[in-house]
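This briefing walks through one protein model for a reader new to structures. Keep the sequence and the 3D view open while reading.

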Amino acid sequence: MRVLRVYHAGRDAAHRQRELALHHAGVDVTLVVPFCWDEGGAQRDLPETPYPIVELPVRRSGDVNRHRYADDGQVCALVNSFKPDVLDLHEEPFSAVTRQWLRAVSSTTPVVAYSAQNIDKRFPPPFAQWERAAFRRLAGLYPCSRQAASVLRGKGFAGRLDVLPLGIDPTRLSAGTQRHDDPVWTLLLVGRLVPEKGVLDSVRLLAELANRVPARLVMVGRGPEAAPAERLAQELGVADRLELVPWVDAEAMAGHYRSAHITL
(Lines give C-alpha, C1' and ligand atoms only; values in the text may rest on other atoms or scores of the structure.)
Protein backbone atom coordinates (compact mmCIF):
# COMPACT_ATOMS: atom_id res chain seq x y z
CA MET A 1 0.00 0.00 0.00
CA ARG A 2 1.15 3.50 -0.82
CA VAL A 3 0.17 6.26 1.63
CA LEU A 4 0.86 9.95 1.03
CA ARG A 5 0.63 11.97 4.25
CA VAL A 6 0.40 15.76 4.42
CA TYR A 7 1.08 17.34 7.82
CA HIS A 8 2.04 20.91 8.69
CA ALA A 9 3.61 19.76 11.99
CA GLY A 10 5.67 17.02 10.36
CA ARG A 11 8.89 18.99 10.77
CA ASP A 12 8.75 18.07 14.46
CA ALA A 13 10.24 14.63 15.13
CA ALA A 14 7.69 14.08 17.91
CA HIS A 15 4.93 14.20 15.28
CA ARG A 16 6.46 11.62 12.93
CA GLN A 17 5.70 8.47 14.90
CA ARG A 18 2.83 7.53 12.59
CA GLU A 19 5.07 7.52 9.54
CA LEU A 20 7.59 5.35 11.35
CA ALA A 21 4.89 2.89 12.42
CA LEU A 22 3.51 2.72 8.88
CA HIS A 23 7.00 2.11 7.51
CA HIS A 24 7.63 -0.70 10.01
CA ALA A 25 4.28 -2.22 9.01
CA GLY A 26 5.48 -2.46 5.41
CA VAL A 27 3.56 0.54 4.07
CA ASP A 28 5.19 2.67 1.38
CA VAL A 29 4.68 6.04 3.07
CA THR A 30 5.83 9.51 2.02
CA LEU A 31 5.40 12.56 4.22
CA VAL A 32 4.85 16.08 2.84
CA VAL A 33 5.78 18.99 5.12
CA PRO A 34 6.21 22.75 4.74
CA PHE A 35 9.72 23.86 3.82
CA CYS A 36 9.50 26.25 6.77
CA TRP A 37 7.09 26.16 9.73
CA ASP A 38 7.21 28.33 12.85
CA GLU A 39 5.46 26.22 15.45
CA GLY A 40 6.12 23.35 17.84
CA GLY A 41 9.47 21.60 17.74
CA ALA A 42 9.88 22.22 14.01
CA GLN A 43 13.38 21.34 12.85
CA ARG A 44 15.34 23.52 10.45
CA ASP A 45 17.24 20.57 9.00
CA LEU A 46 15.42 17.27 8.80
CA PRO A 47 17.41 14.14 9.60
CA GLU A 48 17.49 11.06 7.42
CA THR A 49 14.42 8.88 7.89
CA PRO A 50 13.58 5.39 6.61
CA TYR A 51 10.76 6.92 4.56
CA PRO A 52 10.87 9.92 2.18
CA ILE A 53 10.01 13.42 3.39
CA VAL A 54 9.10 16.01 0.75
CA GLU A 55 9.52 19.67 1.72
CA LEU A 56 7.45 22.20 -0.21
CA PRO A 57 7.17 25.99 0.20
CA VAL A 58 3.98 27.25 1.81
CA ARG A 59 2.09 30.49 2.03
CA ARG A 60 1.04 31.70 5.51
CA SER A 61 3.66 29.58 7.28
CA GLY A 62 2.58 28.94 10.88
CA ASP A 63 -1.11 29.57 10.17
CA VAL A 64 -2.59 26.11 10.81
CA ASN A 65 -5.91 26.46 8.99
CA ARG A 66 -5.16 29.12 6.36
CA HIS A 67 -1.79 27.97 5.05
CA ARG A 68 -1.49 26.25 1.68
CA TYR A 69 1.36 25.02 -0.48
CA ALA A 70 2.70 27.76 -2.70
CA ASP A 71 2.71 25.90 -6.03
CA ASP A 72 -0.41 23.99 -7.09
CA GLY A 73 1.60 22.46 -9.90
CA GLN A 74 4.05 20.90 -7.43
CA VAL A 75 1.16 19.44 -5.44
CA CYS A 76 -0.45 17.91 -8.52
CA ALA A 77 2.88 16.60 -9.82
CA LEU A 78 3.60 14.89 -6.49
CA VAL A 79 0.18 13.24 -6.39
CA ASN A 80 0.51 12.08 -9.99
CA SER A 81 4.01 10.69 -9.51
CA PHE A 82 3.40 8.96 -6.18
CA LYS A 83 -0.06 7.59 -7.11
CA PRO A 84 -1.19 7.02 -3.51
CA ASP A 85 -3.63 4.29 -2.55
CA VAL A 86 -4.61 6.58 0.34
CA LEU A 87 -4.12 10.32 0.80
CA ASP A 88 -3.90 11.15 4.50
CA LEU A 89 -4.43 14.86 5.22
CA HIS A 90 -3.44 15.50 8.81
CA GLU A 91 -5.35 18.78 8.55
CA GLU A 92 -8.84 20.07 9.41
CA PRO A 93 -11.59 19.47 6.80
CA PHE A 94 -12.32 23.20 6.52
CA SER A 95 -8.69 24.26 6.07
CA ALA A 96 -7.24 25.85 2.95
CA VAL A 97 -4.62 23.12 2.61
CA THR A 98 -7.24 20.35 2.70
CA ARG A 99 -9.16 22.17 0.00
CA GLN A 100 -5.99 22.40 -2.08
CA TRP A 101 -5.08 18.71 -1.87
CA LEU A 102 -8.63 17.48 -2.43
CA ARG A 103 -8.67 19.38 -5.70
CA ALA A 104 -5.35 17.82 -6.72
CA VAL A 105 -6.17 14.15 -6.12
CA SER A 106 -8.28 11.84 -8.26
CA SER A 107 -11.94 11.54 -7.26
CA THR A 108 -11.45 7.76 -6.91
CA THR A 109 -8.56 7.97 -4.41
CA PRO A 110 -9.62 7.37 -0.79
CA VAL A 111 -8.81 10.42 1.37
CA VAL A 112 -8.86 10.67 5.17
CA ALA A 113 -8.32 13.70 7.38
CA TYR A 114 -7.95 14.88 10.96
CA SER A 115 -10.11 17.03 13.23
CA ALA A 116 -9.74 18.55 16.68
CA GLN A 117 -12.80 20.82 16.64
CA ASN A 118 -14.62 19.95 19.86
CA ILE A 119 -16.97 22.94 19.74
CA ASP A 120 -19.78 23.14 17.19
CA LYS A 121 -18.55 26.22 15.33
CA ARG A 122 -20.07 27.71 12.20
CA PHE A 123 -17.31 29.07 9.99
CA PRO A 124 -17.54 32.13 7.73
CA PRO A 125 -17.21 31.81 3.95
CA PRO A 126 -15.36 30.22 2.30
CA PHE A 127 -14.42 27.85 5.15
CA ALA A 128 -17.98 26.65 5.75
CA GLN A 129 -18.33 25.74 2.06
CA TRP A 130 -14.93 24.02 2.05
CA GLU A 131 -15.91 22.00 5.11
CA ARG A 132 -19.17 20.78 3.54
CA ALA A 133 -17.37 19.87 0.32
CA ALA A 134 -14.72 17.97 2.30
CA PHE A 135 -17.40 16.03 4.19
CA ARG A 136 -18.86 14.87 0.87
CA ARG A 137 -15.44 13.82 -0.46
CA LEU A 138 -13.63 12.29 2.53
CA ALA A 139 -13.80 8.54 3.09
CA GLY A 140 -12.95 8.88 6.78
CA LEU A 141 -11.93 11.22 9.59
CA TYR A 142 -9.80 10.56 12.66
CA PRO A 143 -10.79 13.13 15.32
CA CYS A 144 -8.64 13.37 18.44
CA SER A 145 -11.54 13.02 20.89
CA ARG A 146 -15.06 11.64 21.16
CA GLN A 147 -16.39 15.19 21.50
CA ALA A 148 -14.74 16.16 18.22
CA ALA A 149 -16.27 13.06 16.63
CA SER A 150 -19.68 14.13 17.93
CA VAL A 151 -19.23 17.58 16.38
CA LEU A 152 -18.39 16.00 13.01
CA ARG A 153 -21.51 13.83 13.10
CA GLY A 154 -23.61 16.81 14.14
CA LYS A 155 -22.35 18.73 11.13
CA GLY A 156 -23.41 15.93 8.82
CA PHE A 157 -20.31 13.84 8.14
CA ALA A 158 -21.56 10.35 7.28
CA GLY A 159 -18.28 8.56 6.59
CA ARG A 160 -16.09 6.46 8.86
CA LEU A 161 -14.94 7.97 12.17
CA ASP A 162 -12.12 6.57 14.29
CA VAL A 163 -10.98 8.49 17.38
CA LEU A 164 -7.17 8.67 17.63
CA PRO A 165 -6.30 10.47 20.90
CA LEU A 166 -3.37 12.84 21.14
CA GLY A 167 -0.62 12.34 23.69
CA ILE A 168 3.06 12.47 24.52
CA ASP A 169 5.08 9.28 24.16
CA PRO A 170 4.47 7.61 27.57
CA THR A 171 8.14 6.65 27.82
CA ARG A 172 8.90 10.38 28.17
CA LEU A 173 6.52 10.87 31.08
CA SER A 174 7.15 10.42 34.77
CA ALA A 175 5.42 11.67 37.87
CA GLY A 176 6.23 15.09 39.24
CA THR A 177 6.85 15.93 42.89
CA GLN A 178 4.27 18.70 43.28
CA ARG A 179 2.53 19.15 46.63
CA HIS A 180 -0.36 21.35 47.67
CA ASP A 181 1.86 22.98 50.29
CA ASP A 182 4.70 23.90 47.91
CA PRO A 183 5.91 27.48 48.39
CA VAL A 184 4.88 28.42 44.82
CA TRP A 185 2.15 26.95 42.64
CA THR A 186 2.81 26.66 38.90
CA LEU A 187 -0.04 27.09 36.42
CA LEU A 188 0.63 25.77 32.91
CA LEU A 189 -1.02 26.71 29.61
CA VAL A 190 0.17 24.91 26.48
CA GLY A 191 -1.07 25.75 22.99
CA ARG A 192 -1.35 28.43 20.35
CA LEU A 193 -1.69 31.76 22.10
CA VAL A 194 -4.96 32.84 20.52
CA PRO A 195 -8.18 34.22 22.09
CA GLU A 196 -9.98 30.88 21.77
CA LYS A 197 -7.50 29.31 24.20
CA GLY A 198 -8.39 31.62 27.09
CA VAL A 199 -4.95 33.22 27.27
CA LEU A 200 -6.09 36.44 28.96
CA ASP A 201 -8.44 34.52 31.25
CA SER A 202 -5.40 32.54 32.41
CA VAL A 203 -3.61 35.77 33.33
CA ARG A 204 -6.67 36.95 35.28
CA LEU A 205 -6.75 33.60 37.09
CA LEU A 206 -3.09 34.04 37.96
CA ALA A 207 -3.80 37.46 39.46
CA GLU A 208 -6.74 36.12 41.47
CA LEU A 209 -4.82 33.10 42.74
CA ALA A 210 -1.73 35.17 43.54
CA ASN A 211 -3.82 37.11 46.07
CA ARG A 212 -4.22 33.89 48.06
CA VAL A 213 -1.07 31.83 47.48
CA PRO A 214 2.23 32.46 45.68
CA ALA A 215 1.70 31.38 42.08
CA ARG A 216 3.28 31.67 38.66
CA LEU A 217 1.95 31.07 35.15
CA VAL A 218 3.96 29.41 32.40
CA MET A 219 2.64 29.69 28.84
CA VAL A 220 4.23 27.39 26.29
CA GLY A 221 3.49 28.37 22.71
CA ARG A 222 3.31 31.33 20.38
CA GLY A 223 0.56 33.48 18.98
CA PRO A 224 -0.98 36.96 18.79
CA GLU A 225 -2.19 36.90 22.42
CA ALA A 226 1.36 36.84 23.81
CA ALA A 227 1.80 40.63 23.86
CA PRO A 228 -1.71 41.32 25.25
CA ALA A 229 -1.05 38.73 27.97
CA GLU A 230 2.14 40.55 28.99
CA ARG A 231 0.33 43.90 29.03
CA LEU A 232 -2.52 42.51 31.13
CA ALA A 233 -0.08 40.89 33.55
CA GLN A 234 1.63 44.28 33.94
CA GLU A 235 -1.71 45.99 34.62
CA LEU A 236 -2.68 43.37 37.21
CA GLY A 237 0.68 43.49 38.94
CA VAL A 238 1.76 39.94 38.12
CA ALA A 239 4.20 40.56 35.26
CA ASP A 240 7.01 39.00 37.29
CA ARG A 241 4.92 35.85 37.72
CA LEU A 242 4.25 35.27 33.99
CA GLU A 243 6.73 33.29 31.89
CA LEU A 244 6.32 32.97 28.11
CA VAL A 245 8.14 29.98 26.63
CA PRO A 246 8.44 29.36 22.85
CA TRP A 247 7.47 25.99 21.46
CA VAL A 248 9.66 23.20 22.82
CA ASP A 249 10.30 19.57 21.93
CA ALA A 250 8.43 16.65 23.51
CA GLU A 251 11.02 16.00 26.21
CA ALA A 252 10.99 19.61 27.40
CA MET A 253 7.20 19.66 27.20
CA ALA A 254 7.01 16.62 29.46
CA GLY A 255 9.24 18.51 31.91
CA HIS A 256 6.79 21.42 32.00
CA TYR A 257 3.91 19.05 32.74
CA ARG A 258 5.93 17.39 35.52
CA SER A 259 6.47 20.76 37.22
CA ALA A 260 2.89 22.07 36.92
CA HIS A 261 0.43 22.07 39.80
CA ILE A 262 -2.50 23.08 37.58
CA THR A 263 -2.88 22.76 33.79
CA LEU A 264 -5.25 25.15 32.04
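The model is predicted: local features need pLDDT of at least 70, side-chain atom pairs count only at pLDDT 80 or more, and totals for chains, interfaces and linings use all residues. Residues are numbered from 1 along each chain as its sequence is written, and side-chain values use heavy atoms, with hydrogens and water left out. Helices (H or I, at least four residues) and strands (E, at least two) are DSSP runs, numbered from the N terminus.

**The open sheet**

- An open sheet is built from 7 strands in the order β3-β2-β1-β6-β7-β8-β9, with parallel pairing; two strands pair if DSSP finds at least two bridges between them.
- At the edges stand β3 and β9 (160-161), each with a single partner strand, so one side of each has no neighbour in the sheet.
- Strands of a sheet pair through backbone hydrogen bonds, either parallel or antiparallel.
- The parallel pairing of β1 and β2 runs over 5 bridges, and Leu4 stands opposite Thr30 in β2.
- Helix α5 (residues 146-154) lies across β7, β8 (140-143) and β9, at about 145 degrees to β8. Axes are lines fitted to C-alpha atoms, for helices over the stretch in contact, and angles run from 0 to 180 degrees between N-to-C directions.

**Two nonpolar cores**

- A nonpolar core is a set of buried Ala, Val, Leu, Ile, Met, Phe, Trp, Tyr and Cys residues joined through side-chain atoms within 4.5 Å. Buried means under 20% relative accessible area, exposed over 50%, and partly exposed in between (1.4 Å probe, protein chains only).
- In the largest nonpolar core, which has 27 residues, those touching the most other members are Leu4, Val32, Tyr69, Leu87, Leu89, Trp101 and Leu138.
- Two or more residues of this core come from each of β1 (2-6), α2 (72-82), β6 (86-89), α3 (96-104), β7 (111-115) and α4 (127-137).
- Apart from it lies another core, of 17 residues, including Leu187, Val199, Ala226 and Ala229.
- Which residues does Leu89 contact, leaving aside its neighbours within four places in sequence? They are Val6, Thr98, Trp101, Leu102, Val111, Val112, Ala113, Tyr114 and Tyr142, where contact means heavy atoms within 4.5 Å.

**Helix α2**

- Val75, Leu78, Val79 and Phe82 are the buried residues of α2. They lie on the same side of α2 because they cover an arc of only 95 degrees around the axis; the arc is that of the directions from the helix axis to the C-beta atoms.
- These buried residues pack against β1, β2 (28-34), β3 (53-56), β5 (68-69) and α3.
- At the N-terminal end, Asp71 caps α2, with a side-chain oxygen 2.7 Å from the backbone nitrogen of Gly73.

- Strands β10 (residues 185-190) and β11 run parallel and are joined by 6 bridges. Leu187 has Leu217 as its bridge partner in β11.
- Strand β11 (residues 215-220) has 5 of its 6 residues buried, so it is largely enclosed by the rest of the structure.
- The buried residues in α8 are Ala250, Met253, Ala254 and His256. They fall within an arc of 155 degrees seen down the axis of α8, so they line one face of the helix.
- Elements covering the buried residues of α8 include β10, β11 and β12 (242-245).
- Is His256 buried or exposed? At 18% relative accessibility, His256 counts as buried. Leaving aside its neighbours within four places in sequence, His256 contacts Leu188, Val218, Val220, Val245 and Val248.
- Ala252 also lies in helix α8, but is partly exposed, with a relative accessible area of 31%.

- Most residues other than glycine have a negative phi, and most peptide bonds are trans.
- Arg60, in the loop between β4 (58-59) and β5, has a positive phi near 60 degrees. At 47% relative accessibility, Arg60 counts as partly exposed.
- Lys83, in the loop between α2 and β6, has a positive phi near 50 degrees. At 58% relative accessibility, Lys83 counts as exposed.
- The peptide bond from Pro125 to Pro126 is cis, with omega near 0 degrees; Pro126 sits in the loop between β7 and α4.

Notes
A polar contact is a pair of N or O atoms within 3.5 Å; within protein, one must be able to donate a hydrogen and the other to accept it, and residues adjacent in sequence count only if both atoms are side-chain atoms.
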